[in-house]
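Biologist: Could you take me through this structure? I would like to begin with how the chains meet.

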Amino acid sequence: MRGRIMLTPQDIQNLENHQRAWSRRTFLGKSAQAIGTLALGSIMNPGLLGQAGTWRGVLDAPHYYPKAKRVVHLCMAGGPSHVDLFDPKPVLNRLHGQPFPESFTKGEQLAQLQGSELLARGAKVGFRRCGISGQMISDLLPHTQTIADDICIVRSMHTEQINHDPAHAFMNAGSINKGRPSMGSWLLYGLGSEAENLPGYVVLVSEGGGGAQPISARQWSAGFLPSKFQGVQFQSRGAPVHYVGNPEGVCQSTQRQVIDEVARLNGLQQERSLDPEIETRVSQYELAFKMQTSVPELADISEEPQSMLDLYGVKEAGDGSFAANCLLARRLLERGSRFVQLYHRGWDHHSKLDTNIQVASKLVDQASAALVKDLKQRGMLEDTLVIWGGEFGRTPMGQGTGRDHHINAFSVWMAGGGIRPGMTWGSTDDLGYRYLNDGQEMHVHDLHATMLACFGIDHKKLTYRYQGRDFRLTDVHGYVARGILA
Amino acid sequence: MSDLMEFVGRLHPLVVHVPIGGLFLLVGAEVAGAWREKLKLSDGARLVVVSMAVAGAIVAVGCGWLRGENGSYDETLLDRHRILGFVTLGFTVLLLLLRRRKRVYKFALGLTVVALTLTGHNGGSLTHGRDYLTAPLAAWLGGESDDAGPQALAEVMVFEHVIQPSLHAKCVSCHGETKSEGDLRLDSFAAIMAGGATGPAIVVGDPTESLLLQRLYLPMGDKKHMPPAGRPQPTESEVALWEWWISRGAAEAGRLVELIPDPEILAAVAAQLGLPLPLEPDREEMLAAAREIESELGVGVRALAVAGPWLTVNARLAGEAFGDEQLKRLGPIAGAIHRLDMGGTSVTDVGLAALAEMTELRQLRLDRTAVSDAGLSRFAGLVRLESLNLHSTAITDAGVASLGELPKLRRLYVWQTAVTREATQALAAALENRRKLSRYQSELRTLEDRISAETFQPDFGYEDPVVIEEEKPGDGDG
């Protein structure tokens, strides 16, 4: 039997549909759209659809034995200062207030500091060796200090984009070009989601901290992938999803009938024109129907004991705080979501750094640490990858009372999901200006490659053919940082 | 000079065939002469043949004596061979003297041939080992031998079934009981450990430091290369197995599966013993069964990687609908499950009996279930279990204590249970002790083997120094 392709009538019909759509589109000259359907062979293959029609992922199985099953990305939008939080620089502190050595900055790209006098700015708050691993973490993050032995601090991060929007695009999709899928979309495309009643890719945007950074839905876009792989943004204040209840007079069975009828009509349309967006629409209707019960259950944190709320520092459920979102993120991860992204938007400290960084740290520190601890005690840290960090860092040079954007070095930390705990990876020069080429440098592409490696995915093999060539999250770059894999 | 002696000595197997040929020619001619008058041997011809046999026998005895002085042979066999050799020579000389006295001559010729045959067989035994000639005959007569050997890889003992047979086939003819070149014998574990004149044959744990392999690694042209050029050489996979065995502690006792061999090693062993490789379930079969189970039970079953049959099962998806009955239905894929998540399901202690088949299980999640201490007693067979999640269950310290039998356990989650810190610390200590104990036990076994391998050697002081000899290649024929 093996080695021969057995076609069922269903397969043949799919093939005919495919060919019909192809020839008509070619005839009509809608070539750009038609190329998008090239990949449909795999998208529409019913073999890839699981039990309830859920997407099982384009990969039959991971390339290697996987460690991670889920990611929670705690995105510190604005760019936290690495020299104040995770990368202590005694030399910089000594130079505080003096001119920044020109040898470092000559000919370098600067954001808002262009043309101004560059003065070194040391860290105001001290650092401390933490845990058995002895990692250096600022006293600004007392709770993060308690999980030092569970996290891997990467000090050699660097990126290519010096302004927020492109830098976020770069961090999420590995490119600033529009239409490139975000990392969460790639993961959903590759592996599918285990959550049958909730979106596999959820975005939560937190409030509080002032100076909210603008972020855009482009950051969780599916790009050229079918849009069912895009991130779904939940409301952070009040109910996560609006209008999930039925209108007055509509019962659940009526609702079911409506959904079924819409699906039937969409199916008719799909027989005539093969458009992946119809497929997306059908699955979104189905998911939305399931979410009518699953979302209220998800958001109902009355079953969480007070001690759990205290651990995260949640004052009130659904208050839009980072803490409440961390708790919600854990509940999403428990229910099988593949990728949860949390944004905190208070990290763009061009001025009043000393007070602002305290405010921002206070808002995220406890809940971030609590999330790691909570995942750990539930045994979920084994297969949940936690990534904490911004889209870039901040200059070791002062900008008035703050710091400017900085792309040559910044710090992130990762935990769980196959990342070796209690270690620091990579380093920067004496002033925290640039990552060192010591074999431990970590470009954003390298971060992506390493993240995929935790899932057992070879970043060079997860591709999608679009506009005539195979695209991947790391494009033509990326090295896996094997040294931080457990 | 001694090299010349050595050379002359090695001519023995060649020269012995001169008297053998002469004597058998004589027998043939005499028998033919008794049958037909015209075939009768003339006196002159008889004199020539008998003289040749005598001359050959004298040279052969001389060469043989030198060979016996220089080679390392079994003393009793060698003595017997020498006596028989002289007896044969004596009879041959007697033939020369008595060739005219018909009746005595015929009788003497018969005796000479008997002595010659005995001597020849004895010489063969010296070179090839005692049972060289008779072993195949015995096997043929006896049909299948009583000891059928291992029937499956799970039964294979590394030294007994893998290492020893290949050493026997490739080394023991020169390094055995009857002939032990360089005072080295490789026909028993104790002898291997004791080593030879140049030192121990193997260094436990270090293949590259082991003389046995160092000699093998030498280029074929090197005169110290073993086995000598022209002798059957061990195959690549045999060498790989020897290396692996030495690097894994070179123990005499020990099952193959206990050493958790790499797939290549397993394949090599299976090929050598002609056994099937049944250790891995078939991927396609498992995936087909998995599809069926998925649709039947509403659980998620996925392959862990593109290669290998290993599966991860997510029963959490089915929630309370997944219970003891459903767990039993995982039977067809039980041997392929690496990770099993039954968190929040309705499995009970009784149902966990089904875990006995899941010998490959690495990660098991039973959090928020009705499992209690009684269920943990079912875990005894999970020798590969590394991670066990029991948070929010009814387990107690007593249950945790019973987990000390899981050799690979590294992570245990007992959040929101009655388990105390003392109990988990005791478990950690017990597991560590267990690992230490098994390490010590294997070291102890090695030491005991070495002690038993030490033979009694009286010390005569400096007058009898240890002679470090070069290895001598054995005979090429004979």
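Modeller: This is a predicted model. In it, 15 residues of chain A are in contact with 18 residues of chain B.

Biologist: And by class, which residues are on the side of chain A that touches chain B?

Modeller: That side of chain A has five nonpolar, five polar and five charged residues.

Biologist: Now a strand. Is β1 of chain A mostly covered or mostly open?

Modeller: Strand β1 of chain A, residues 70-76, is mostly covered, with seven of its seven residues buried.

Biologist: Which residues lie on each side of β1(A)?

Modeller: On one side are Arg70(A), Val72(A), Leu74(A) and Met76(A), and on the other are Val71(A), His73(A) and Cys75(A). Both faces are covered, as all of these residues are buried. As a general point, side chains in a regular strand alternate between the two faces of the sheet.

Biologist: In which sense do β1(A) and β8(A) pair, parallel or antiparallel?

Modeller: β1(A) pairs with β8(A), residues 384-389, in the parallel sense over six bridges. Within that pairing, Arg70(A) stands opposite Thr384(A).

Biologist: How many bridges join β1(A) to β7(A)?

Modeller: Six bridges join β1(A) to β7(A), residues 339-344, and these two strands run parallel. Here Val71(A) is opposite Phe339(A).

Biologist: Switching to chain B, how many helices and strands are there?

Modeller: Chain B has 17 helices and six strands. Of its 478 residues, 35% are buried.

Biologist: What share of the contacts in chain B join residues at least 24 apart?

Modeller: Counting contacts between residues at least 6 apart in sequence, 64% join residues at least 24 apart.

Key: Residues are numbered from 1 along each chain as its sequence is written. Chains are lettered from A and ligands numbered from 1 in the order in which they are written. This is a predicted model: local features need pLDDT of at least 70, side-chain atom pairs count only at pLDDT 80 or more; totals for chains, interfaces and linings use all residues. Two residues are in contact if their C-beta atoms, placed from the backbone, lie within 7 Å. Ala, Val, Leu, Ile, Met, Phe, Trp, Tyr, Cys and Pro count as nonpolar, Asp, Glu, Lys and Arg as charged, and the others, Gly among them, as polar. A residue is buried if 20 or more other C-beta atoms lie within 10 Å of its own, exposed if 12 or fewer, and partly exposed in between; C-beta atoms are placed from the backbone. Helices (H or I, at least four residues) and strands (E, at least two) are DSSP runs, numbered from the N terminus. Two strands pair if DSSP finds at least two bridges between them.
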